[in-house]
Amino acid sequence: MKRNMSRRALLKAGGLGVGGLLLPGSLLAAGEMPSGTAPRARRGGVLRAAFAGRAGTPMNVLQATRSPLDYVRARLVWDALADTDDGHIDYRLMTSAVSDRAATRWRLTIRRGVTFSDGRPLTARDVLYSLHVLASNPCTQSGWLDPLDTAASRIDDDYTLTLALKQPIGAFDWRLAQGMFVFPAGTRDLDHALGTGAWTLTSSSDSVNTFSPRSDYWDSERGPLLDRIQLYGIMDMNARVNGLKAGQFDYVGGVALTSGLTEQHNPNVKVVTAPPALWDSLMFSMNLSKPPFDSPDVCEALKLSIDREAMVRTLSFGKGDVANDTLGQGQPWHNSTLPQRHYDPERAQALLKKAGVSPHLSILTSNYAWGLAESATLLLRQAKPAGFTLSLNKLPAADYYSDLNALFDAPLKTNYFHPMPLPVALPFYYGRRAPYPFTGPSSPKLNALIQTLQAAQGEALVTAVHDVQEELYFHGGDAIFMRIPSIALSSPRVNGVEAAGYFDYPTLRSAWLAD
């Protein structure tokens with residue numbers, strides 16, 4: 001391990017990298033940096049971190065996105081092909097991904113000098129095998145890899161391979177930056193797959209997983225710097241926060257905004273706020289194939305029945321942003337030309353009258369994340385003047401996303417999307433082959449627009465994203481009403497936690513404790 005860290009590593013270690021992930025002391029405005037001198041790093045120590053999840057479950061690489069805890073521990077053991085970092089691709093196990101003009105062939109160059117935890121070298125064969133396993137089994141990554149034709153793909157040499165796609169995907173490199181973990185070719189026991197990550201799992205119990213650092217890690221400038229990491233699975237958010245305040249934990253993720261505001265003046269707690277590009281979007285998702293939302297007038301009426309400004313004031317205490325039924329605010333592809341929708345119950349009432357309906361229905365919701373049940377409760381009152389009679393169907397947090405087909409099928413439900421690059425996110429939720437179709441089957445026009453988007457490259461990709469967002473704005477079933485800051489809490493000693501595109505599932509590989 002190198003004794004001196006590079007300037008890039010020092011910036012990240014001080015919490016100023018990855019879009020300004022760590023904003024200690026208070027909930028700061030976007031882009032505001034903390035004052036004072038940077039803490040001094042030291043090697044060694046034990047980081048105790050708690051996330052929602054169950055530590056006793058096996059570390060199966062196919063289930064790495066099952067819970068925040070699963071994702072955090074996966075990112076310790078398995079390196080990914082690439083991450084996203086402040087609007088660009090941060091190449092990890094691959095150093096480049098270049099397509100042909102048709103965007104149906106992608107040539108990947110694999111990083112040299114990387115080894116698995118048992119010492120064997122990483123090769124292109126391992127990458128192709130891993131992608132095949134991820135693509136052919138039920139997991140989050142399989143949705144992004146659906147166009148991949150592994151049978152037609154080929155290994156060119158030990159460090160290059162060519163991926164063949166069944167259809168043109170102009171932003172396939174961005175898909176490859178969405179948690180594509182790599183393990184050795186031929187791995188059959190996916191509960192114990194080896195990785196090239198900075199840490200290895202050394203012990204496990206029902207409550208805690210313990211990880212030890214690798215001395216031969218290929219990216220020594222970015223870690224590991226600690227002696228040990230202990231990850232605790234704590235489902236209850238209040239228990240995680242109380243554990244931090246009692247000194248049981250050093251870092252806790254998945255914290256409600258209210259806790260961040262409560263603790264912002266506590267000198268023993270550092271409030272960690274996601275940069276605006278990584279804020280979550282809250283929405284009401286309508287299934288357009290189910291009455292009454294099979295009527296476009298009813299769908300538009302609901303969008304006009306949301307007092308977005310009041311939602312932001314109440315749910316984020318003024319710290320969030322009003323959204324406008326589109327994802328990806330602040331991203332280079334985002335369509336910012338669409339007119340802002342405002343609360344207009346009179347217009348909504350007229351639309352319901354035109355449709356000839358007086359909707360009586362329930363909102364499927366849960367306390368799974370802050371703002372879901374709370375926004376549904378507010379909508380009961382906000383939508384009443386328009387003519388909607390709504391009630392709550394509140395499920396336990398553990399059950400809300402357990403039956404996805406039932407959630408997809410529900411006419412109206414609360415929902416939230418984690419931020420993803422728009423060329424990746426839009427085909428994930430919309431279009432004929434979307435793996436998460438919360439608004440039901442897409443129209444032929446939207447299917448065609450999504451197909452055009454997927455094949456587009458360069459400036460044509462920006463145009464295609466704008467066209468899809470315009471169609472969703474006027475005819476889509478997601479009423480996206482606000483963006484809300486994601487919050488974590490830590491001890492003031494904790495530094496170097498990196499979002500790498502996923503604030504709620506950070507990578508701890510570069511974490512360190514100040515003196």
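**Core.** I started with the largest nonpolar core, which has 155 residues; such a core is a set of buried Ala, Val, Leu, Ile, Met, Phe, Trp, Tyr and Cys residues joined through side-chain atoms within 4.5 Å. Buried here means under 20% relative accessible area (1.4 Å probe, protein chains only). Leu-81, Leu-108, Leu-163, Leu-176, Leu-231 and Leu-508 have the most contacts inside this core. Helix α3 (residues 124-135) gives the most to the core, seven residues; helices (H or I, at least four residues) and strands (E, at least two) are DSSP runs, numbered from the N terminus.

**Ground rules.** I kept in mind that this is a predicted model, where local features need pLDDT of at least 70, side-chain atom pairs count only at pLDDT 80 or more, and totals for chains, interfaces and linings use all residues. Residues are numbered from 1 along each chain as its sequence is written, and side-chain values use heavy atoms, with hydrogens and water left out.

**Sheet.** Next I looked up an open, antiparallel sheet of four strands, ordered β5-β6-β8-β7; strands pair if DSSP finds at least two bridges between them. β5 (94-99) and β7 (148-157) stand at the edges with a single partner strand each, so one side of each lacks a neighbour in the sheet. I found five bridges between β6 (residues 105-110) and β8 (residues 160-165), and Thr-109 stands opposite Thr-160 in β8.

**Ser-281.** I then checked Ser-281, in strand β14 (residues 280-286). Ser-281 counts as buried because its relative accessibility is 5%.

**Helix α8.** Last, I saw that α8 (residues 296-304) is mostly covered, with seven of its nine residues buried. Among them are Asp-297 and Lys-303.

Technical notes. Buried < 20%, exposed > 50% of the residue type's maximum accessible area, 1.4 Å probe, protein only.
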